[in-house]
Amino acid sequence: MLKVGIIGCGVIFDLNILGYLNNPDVKITCLCNRTIEKAQDKIKKFGLDKDISIYSDYKEMLKQEDLDIVEILLPHNLHAEATIAAAENSVKGISVQKPMALSLEEADLMINACKQSGSILSIYENFIFAPHILKAKELLDKGYLGDLLSFRIKTAMGKKGGWFVPKSSEDWRSIPKKVGGSKKGSPVLFDNGWHNFVLACWFFNNKIEKVFAWTDNYQGIDAPAYVMFKYKQENDQTVPQYGSMEFCLMPEMEIPSKYYPTDEFIEISGTKGIIWINQGTSIGNKMSESHIFPPIVIYKEGQIESYSEFEKDWKYSFINATHHFINVIKNNGEPILSGTQARRILNFNLAAIKSAETGKIVFL
Amino acid sequence: MQKLKVGIIGCGVIFDLNILGYLNNPDVQITCLCDKRKKHAEQKIKKFNLNSEIKIYSDYKDMLDSENLDIIEILLPHHLHCESTMYAAQTQLKGISVQKPMATTISECDKMIKICKKNDVKLKIFENFTFYPPIMLARQLLREQIIGEVNAVHIKTLEASKGGWEVPKGTWRWRIDPNSCGGGLDCGSPFVFDDGYHKFWLALYLIEAKIEKVYAWIDRYAGLDVPAYIMWKYKPLKEREFLVPSYGTMEYNYSPHMIIPSPYYNEDEIIIITGSKGIMWINQATSGGNIMSKSEVFPPIVLFKDGKIETIQNLKRDWKYGFINSTKHFIKAIKEGGLAILNGEEGKYTTQFALAALKSSMTGKEICPDDIE
C-alpha cells in the first residue's frame with residue numbers, strides 16, 4: 001500500500017482527498033497544516049484514521065515519515081520549495097496543485113530535483129478528468145469533427161450560490177507574491193485560469209505560437225480578462241488553429257453550486273462540425289436539469305446530437321485525476337501533466353499575463 | 001394616399017430577401033428594377049410574380065432620371081454604394097435604403113450623409129439582424145436589465161461549406177476582390193467586412209455604448225478572411241463607471257466539411273451576452289428555423305439568472321423576418337417620420353468600427369474607431 005501525506009488542509013483539500021479514500025492501493029498516513037486544528041477538522045470531517053500523524057511543518061513531516069506519495073496543496077509561492085523538499089526526501093510520487101510554480105526558473109528547479117531523486121512529478125489538473133470532458137476528448141481524438149479549428153472557453157464567475165470560502169483562503173490570493181502572475185497578482189488568469197490554458201493545449205495536442213490578452217481590474221482582481229492565441233501551424237497548407245478565453249464577472253449573479261459559484265462553457269470547432277461542452281465546476285446543478293445544457297452537444301452532418309449520461313458532479317474530475325496519479329505511481333508511468341508538460345502550460349499562461357501587462361503579442 | 005413608388009437597383013442573391021417587405025404592402029408599389037444584365041431583373045419579375053409593367057433598366061442613372069421615385073433600394077457591390085447614393089439623393093427622392101456595409105471608406109460615408117441631409121432625403125443603411133424577432137426581443141429584455149448591467153457580448157459566426165442556397169460565382173467574385181468589397185485586406189473581406197458589418201452593428205446596438213479600442217487577428221484560409229478573432233473594449237459610460245468594465249468578442253470560423261442546413265447562406269450565429277445578474281444566449285439567426293432549431297437544446301433565447309434556466313420559445317425564427325421588418329420600418333419612417341435604422345451616423349460609426357478591426361489585423365495594433373477617418 002502506498003503511503004500518502006497531504007500538505008495543506010484548505011478548501012480544495014476536500015476535493016483532492018476524495019481519490020485517496022476507500023482506495024485499497026493507498027493509505028493516508030499524515031497530514032500537515034500550519035494551524036493543526038484545520039488538519040484535525042479534516043480527520044473528523046472525512047472520518048479518517050485517528051492514528052494519522054499531524055504536522056505543522058511539512059519539512060518535518062517529510063523527514064519523519066517514509067512517504068510514497070505527497071500531495072502539495074499550498075499557496076503557489078510554496079510549490080517549488082515544497083516539491084524540492086519532497087524530492088530530497090525521496091518521495092516517489094509528488095502531486096502539486098496547479099499552477100505549477102510562479103516562474104519557469106522555479107519549474108526547472110522542480111523538474112531537476114525530481115529527475116535527480118527519481119521522483120515522478122505530476123501537476124494536479126482535474127478538468128481533463130471530468131467524465132464529460134474525457135468523452136469529448138475521446139470523440140475529438142478519433143476525428144469525430146475532422147481537424148480541429150478553434151477552441152473557446154468562457155469562465156463565468158458568479159457571486160453567490162456556492163460553498164463557503166473562509167477568509168484565510170481568499171487572503172493569500174490577494175497577495176501578488178503568493179498568488180503569482182502579474183505585478184498586481186493574477187488570481188483569475190493565473191489561478192483559476194490555469195485550467196483553461198491546460199484544456200486549450202490538451203484538446204488540440206498542440207503547442208502555442210503566439211498569444212494576446214487583455215485583463216482589466218475590477219475590485220482588485222484581474223478580470224474581466226480576454227485571451228486569444230494561435231496554435232503552432234506546421235505549414236500554410238494545414239488549417240490554422242486558434243483559440244480564445246473569456247473570464248466574465250457577474251457580481252450580482254447566483255450560480256447554484258456545491259463548489260465555487262463559477263461555471264465553464266467550452267466550444268470547439270472542427271472542419272466537420274462543432275462541439276459544445278457545457279459546464280464544469282457547477283455541473284449537476286439546476287442548469288444541468290434544464291435539458292438545454294446537456295454536457296455534450298454536437299452539430300455535424302446537419303444534425304444535433306447530445307450526450308447526457310455522465311456522473312454530473314465536479315468531484316469526479318478530482319477523483320479520476322487522483323486515481324490516474326496513483327496508477328502512474330504504481331506502474332511507474334507518465335502522469336498528465338508531467339513536469340515538462342506543465343512547464344509548457346506555465347510558459348503559455350505567463351505569456352498571456354505578460355501580453356496583458358505590455359499590450360503586445362507574446363510569441364512562445 | 002398615393003402609394004410610394006419604389007425602385008430597386010441590383011437583382012442579385014440578396015434581392016430575394018430585400019424585396020419581401022415591399023410585397024403585398026398597400027403603402028408601396030415597385031415600379032422599376034435595374035440590373036446591369038436585364039435578364040436578371042426579368043427573372044426576378046417572374047420569380048416574385050411582380051407586375052409585368054414594371055420597367056427594367058440596365059443603368060441606374062437612367063432609371064433615376066426617368067422615374068419619379070419615392071424610395072430607392074440600392075443592392076450593389078460596396079464600392080458603388082457611395083456614387084449611387086449621391087446620384088439618387090439629387091433626384092428628389094424621399095428615402096434611400098442602401099445595403100450594408102455603408103461604404104468602403106469614411107469619406108464616402110461623410111459624403112453620403114451630407115448630400116442626403118442637404119436634399120432632405122432619409123438615408124437608411126439596410127441591416128436585417130436588428131429586426132430579427134429573437135434579437136428584437138433580446139434587445140428589449142436587455143434594456144429592461146433582465147440580466148442586470150451588460151458587461152460582455154460574444155458573437156460567434158459559424159461558416160459551413162454546404163447546406164444553404166447556391167451562391168453564383170459572380171456574386172462571390174466581387175466580395176473577394178479588395179476593390180469592390182472594401183476593408184483593405186488583400187483577399188477582399190466576404191466575412192469580416194461584408195458579413196461582419198451586421199455583427200459590428202449588433203455589438204453596438206445590443207450594449208448601446210461606443211468603442212474605446214479594438215484588436216483583431218484575421219488569418220487566411222481557403223482564400224478567405226478566416227479564422228478571425230476580434231475583441232474590443234467599450235467606452236465606459238458615466239452612469240456605469242462603478243460597474244464591471246464592458247468588453248466584446250467576435251469569432252469567425254469556417255468549417256470546410258460542415259453542413260448547415262439553411263434556406264439561405266450555410267451560416268449561423270450564436271450570441272452570448274453576460275450581465276451582472278445573468279447570461280443570455282441568442283441561438284441562431286441566418287439559419288433559424290432549421291434542424292438546429294428543432295432540437296430542444298437551442299431555443300431562440302435562453303436565460304440563466306436567479307439560479308435557474310428560462311427559455312423563450314415561439315418566436316419567428318426564419319431569417320427573412322429580419323428583412324421584412326427592416327423594410328417595413330423604413331417605409332413607416334418615410335410615411336410617418338422618424339429615424340431610419342441604421343441612420344447615416346450609425347452606419348458611419350459601424351463602418352469605423354469594422355475598419356478599425358481590419359486595420360488592427362493589418363498593423364498588429366489596438367485601434368480606436370474614432371481614429372478611422
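A salt bridge is a side-chain nitrogen of Lys or Arg within 4 Å of a carboxyl oxygen of Asp or Glu. In this structure B:D219 forms one with A:K230, and the closest N and O atoms are 3.4 Å apart. Across the interface of chain A and chain B the rule finds three salt bridges.

Some conventions come before the rest. This is a predicted model, in which local features need pLDDT of at least 70 and side-chain atom pairs count only at pLDDT 80 or more, while totals for chains, interfaces and linings use all residues. Residues are numbered from 1 along each chain as its sequence is written, chains are lettered from A and ligands numbered from 1 in the order in which they are written, and side-chain values use heavy atoms, with hydrogens and water left out.

The interface can also be described by contact, meaning heavy atoms within 4.5 Å. Chain A brings 58 residues to the contact and chain B brings 59 residues. Buried area is the accessible area (1.4 Å probe) that two parts lose on being put together, summed over both. Between chain A and chain B this area is about 4900 Å², and carbon and sulfur atoms give 71% of it. On the side of chain A, the residues that lose the most area to chain B are A:W214, A:M228 and A:Y299, together 15% of what that side buries.

The interface also has polar contacts. A polar contact is a pair of N or O atoms within 3.5 Å; within protein, one must be able to donate a hydrogen and the other to accept it, and residues adjacent in sequence count only if both atoms are side-chain atoms. Across the interface of chain A and chain B there are 18 residue pairs of this kind, both residues being at pLDDT 80 or more. Among the strands of chain A that each supply at least two residues of the side touching chain B are β7 (148–157), β9 (225–231) and β10 (242–249). Helices (H or I, at least four residues) and strands (E, at least two) are DSSP runs, numbered from the N terminus. The largest share of this side of chain A, six residues, comes from β10(A).

Next come the aromatic rings. Rings of Phe, Tyr and Trp (its six-membered ring) pair if their centres lie within 6.5 Å; planes under 30 degrees apart count as stacked, over 60 as edge-to-face and the rest as tilted. The whole structure holds 42 aromatic pairs over all chains. In one of them, A:Y124 and A:F318, the ring centres are 6.0 Å apart and the planes are at 25 degrees, so the pair is stacked. A:Y124 is in strand β6 (residues 120–124) and A:F318 is in helix α10 (residues 315–330) of chain A, 194 residues apart, so the pair links distant parts of the chain.

Are these two residues buried or exposed? Buried means under 20% relative accessible area, exposed over 50%, partly exposed in between (1.4 Å probe, protein chains only). A:Y124 is buried because its relative accessibility is 4%, and A:F318 is buried because its relative accessible area is 2%.

The backbone has some features to look at in the loops. The peptide bond from A:K98 to A:P99 is cis, with omega near -15 degrees, and A:P99 is in the loop between β5 (93–97) and α5 (104–117) of chain A. In chain B, B:N314 is not a glycine, but its phi is positive, near 55 degrees. B:N314 counts as exposed because its relative accessibility is 80%.
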